[in-house]
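Subject: Handover of a structure

Hello,

Here is the structure to look over. My notes on the strands follow it.

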Amino acid sequence: MNTMNQPRPVPGMLVYSTAGRDYGNPYLIVEVLQEPYVLVADGEVRRLKNPKRKNIRHLNLTGLTEEDISVKLIEGAFSSDTELRKALSELVTGQNLEQRG
């Protein structure tokens, strides 16, 4: 199901919704389910306790992942929505800076 132009989804990856009511919203992948689905959260509307199940065809996978975020999500140590929001904000800001420069 994975196309050549999109990276493989991994926990902690920054993604943008490309379909649905949440079109354009940034999320972090919290968990990779059976292909083609992942669980995503933003720490505000979609919290860690209630992540949204999304088809990867409806997401823009950026490929941006911070290793420490990914490890925490895999180990289950990512416990607070505040920490998730901060990590998401840093990745979005970093991506915007890369696109400008």
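Tyr37 stands opposite Asn55 in β4. That contact belongs to the pairing of β3 and β4, which is antiparallel over 4 bridges. Pairing here requires that DSSP finds at least two bridges between two strands. Strands are DSSP runs (E, at least two residues), numbered from the N terminus.

This is a predicted model: local features need pLDDT of at least 70, side-chain atom pairs count only at pLDDT 80 or more, and totals for chains, interfaces and linings use all residues. Residues are numbered from 1 along each chain as its sequence is written, and side-chain values use heavy atoms, with hydrogens and water left out.

Next, the other side of β3. Strand β3 covers residues 37-41 and pairs with β2 in the antiparallel sense, over 4 bridges. Leu39 in β3 is the bridge partner of Glu31. β2 and β3 form a hairpin, with 4 residues between them.

β2 (residues 26-32) also pairs with β1 (residues 13-17). The sense is antiparallel again, over 3 bridges. Here Tyr16 has Pro26 in β2 as its bridge partner.

Now the whole sheet. It is open, has 5 strands and runs in the order β4-β3-β2-β1-β5, with antiparallel pairing. β4 (52-55) and β5 (59-65) are the edge strands; each has a single partner strand, so one side of each has no neighbour in the sheet. From one strand to the next, the twist averages 45°. Axes are lines fitted to C-alpha atoms, and angles run from 0 to 180 degrees between N-to-C directions.

Best regards
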